Each structure stands twice: as C-alpha cells, then as structure tokens.
Amino acid sequence: MTGTTGSISLRRRAVLSAMATAVLPGFAAAAAGGEVIRLVIPYPVGGGTDIIGRLLAATGSERLGRAVVPENRGGADGLIGIRVVAQARPDGSVLGISGIGTSVTLALTQKNMPFLMGRDLEPIAHLGAFGNLIVVHTQSPYPDLPALLAAARGRSEPFFCGTPAQGSPSYITLRYLCTAAQVDISSVSYQGHGQILNDLLGGQLDMALLSVPIARAAIEAGQLRALAVTSAERSSVLPDVPTVREGGIDDFDASLWNVLVTAKGAPEPVIEQLNEAANASFASAHAREVLHTAGVEFRPYTVAETRAFVAQEGERWRRITRAAGIEPA
C-alpha cells in the first residue's frame, strides 16, 4: 500500500515538473545573453514549492529576457535557502520562494531567526495559496471533521496527528485547530511528508495534516479520506472536501501560500518589473494548468498588495500563536 502511494506521488510530481519546465526556448535564449537571475527554492526537487519555482523560472525568463535559474537549497524548514536570499546584494539578481513558514510563522516560534521579513527581505509578488487537508486512513471510523473532533474529546488515550516539525505551519495549524475546537490532539513531528503518509497508512496515527499538493494523489487513489481543508474556501481540485468552517469552527482560516522575495533594499523599479513578470507568467494558460493540477489557487497581486498581505498575515498568525500558547523557543 505504501509503495503505491509513493509511486503515485512520484509520477504526479514528475508530470508537474515536466509541465513546469516546458517553456524552455526563451530560457535558453536569455541564458545566451549572459545575464542570470538566481531563483532560490528552499526545498528539495519535486515538492510543491519546487514546482512553483520551476514554473516561474521557465515562464519568467521569457518575460524578463534574462535567464532565471532555479537553485534548490533545502534544509532547516526553508531557512537555509531563504537566508541566501536575505544575504545577497540588494539588486534583485537573487530571488527566493518564501512560504508562510519562512515569511511569518518561524519568526513566531524561534528566538534566533537569521532574517526577518521587512527587515532583511522584500516581498515582490504573491505566488498562490493552497490549504492543508485534515486526512485519515480510508478505514478510519471518522466520516467527517465533527465526528473526529467528538472522538478526540471523548477518548481517554492520546489522539495522534502527524505534522512536520514543531514550528512548521502545519504544526501551528494543529494547535490553532485545538484551540478553536477546544480539543486535545497530540502532535507527532516528522522530518518529511512521506513518513507521515507511511505511518498514517500503517495505523500509527489517527489523522494527519498534509497540503493539498502532497495528499491529493493518495486521496484520489482511495487510500486517504479528506475530512476538511483548512483554507477559508474549498479547494478547486478537491471541491467535495468541506472547509473547517463548514465543519462547525467559525472563521477558521489556515491557508498556506508562497511569495516571491529578494533582499531588502532592491530598487523599487526592479521590484515592480519582477512583480509584473511574475503576474504575467502565472496568467498564461500553461501556467494556470500547472498551478491547477498542483492544487494552487492564484490571482495577481501588486507589490503594494503583496506587502500588505504579508503584513496582515504576520499580525493574524501572531494572534493565533498567542491564543494557542505558543512561545518562541
């Protein structure tokens, strides 16, 4: 069973990666000009952030007339890669894909952050959003989120949920859910999503929080049941999965997202040009197909809108972490 899940995920990611890098003639022409923009992707090859980054590199090269070269620098929940961007020259030649963790939530859970959004990094463009899914094994007795929460409240032994490491967006989302639903669910931290899937399918976990791009293949294969999506709206690729709000928790919203960033101090005209290129790149029919297949919801943001969004998310998640009793460690 586990092997099947892995092969499905690998096939889907291989298809998405191939689609994301399909627009390469312009990339080759720009590279011949000798002007290169580095695009740091702070996670390994094949994941959702990598697919978004490679799509932007391929299509953005054509828009900018310069080679945009993707560079995977994974490790430490994205901190290693985004630190490279924060320490680069502030001229817009080094860009990064920063998610909610490296943009907002890690700064709320760690005392010694190597960089901060606004102080060391400048947001340029919004690159799309997607929800986490609350998932269980298909043989689980819980048909929906209210049933799962009722079981967790009434059980004397611990109720276990698999998430990435403490401080990750998924971990904070679980704590947010526990606070909002007044329920006690124990987090089991993992280094990778593959291990979470293995233990959920093997019966070691009661539930898990996995992103739409990660969990979708196993759901469609009939191995996992999605009880709810944590975003405010339903996912366009899994429209039958209700939101947490629909499960009875008012105003719940724990969307995941990515933004394009560069070192603080880059010239404003450069930032505007990069914003326009990113928005135009993701507006194409090819890009929209890749993003939809990956479960990413995209709409263009201006530079000002992107900055305001990141600031608002920072304040919102600050309130959430305080309510959940999460302190920087």
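Select Leu274 first: its relative accessible area is 5%, so the residue is buried. (Buried means under 20% relative accessible area, exposed over 50%, partly exposed in between, with a 1.4 Å probe and protein chains only.) This is a predicted model: local features need pLDDT of at least 70, side-chain atom pairs count only at pLDDT 80 or more, and totals for chains, interfaces and linings use all residues. Residues are numbered from 1 along each chain as its sequence is written, and side-chain values use heavy atoms, with hydrogens and water left out.

**Stop 1: around Leu274**

Leu274 sits in helix 10. Helices (H or I, at least four residues) and strands (E, at least two) are DSSP runs, numbered from the N terminus. Now show the contacts of Leu274, meaning heavy atoms within 4.5 Å. Leaving out residues up to four places away in sequence, Leu274 touches Ile37, Leu64, Gly92, Leu95 and Ile124. Pick Ile124 from that set. Leu274 and Ile124 are 150 residues apart in sequence, yet 7.0 Å apart in space, C-alpha to C-alpha.

**Stop 2: strand 4**

Select Gly131, which is found in strand 4. Gly131 has a relative accessible area of 4%, so it is buried. Apart from residues up to four places away in sequence, Gly131 touches Ser211, Val212, Val229, Thr230 and Ser231.

Is Asn132 buried or exposed? Its relative accessibility is 1%, so Asn132 counts as buried. Which side chain does the side chain of Asn132 join in a polar contact? That of Ser170, at 3.1 Å. A polar contact is a pair of N or O atoms within 3.5 Å; within protein, one must be able to donate a hydrogen and the other to accept it, and residues adjacent in sequence count only if both atoms are side-chain atoms. Setting aside neighbours within four places in sequence, the contacts of Asn132 include Thr173, Leu209, Ala228 and Leu256.

**Stop 3: helix 12**

Select residues 303-323, the 21 residues of helix 12. At 1.5 Å a residue they should span 30 Å, and the end C-alpha atoms are 31 Å apart, which agrees. The expected span is 1.5 Å times one less than the number of residues. Buried residues of helix 12 include Val303, Phe309, Glu313 and Trp317. Among the elements covering the buried residues are helix 5 (100-109), strand 4 and strand 9 (255-263). Helix 12 is followed by Gly325, with a positive phi near 75°.

Bring in helix 7 as well. Helix 7 and helix 12 have axes that come within 9 Å and cross at roughly 65°. Axes are lines fitted to C-alpha atoms, for helices over the stretch in contact, and angles run from 0 to 180 degrees between N-to-C directions. The contact is made by Ile172, Thr173, Tyr176 and Thr179 of helix 7 and Arg316, Trp317, Ile320, Thr321 and Ala323 of helix 12.

**Stop 4: a loop**

Finish at Ala76, in the loop between strand 2 (67-72) and helix 4 (79-86). Ala76 is not a glycine, but has a positive phi of about 55°. Most residues other than glycine have a negative phi. Ala76 counts as partly exposed, at 46% relative accessibility. Then select Asp77, in the loop between strand 2 and helix 4. Asp77 has a positive phi of about 55° too, although it is not a glycine. With a relative accessible area of 33%, Asp77 is partly exposed.
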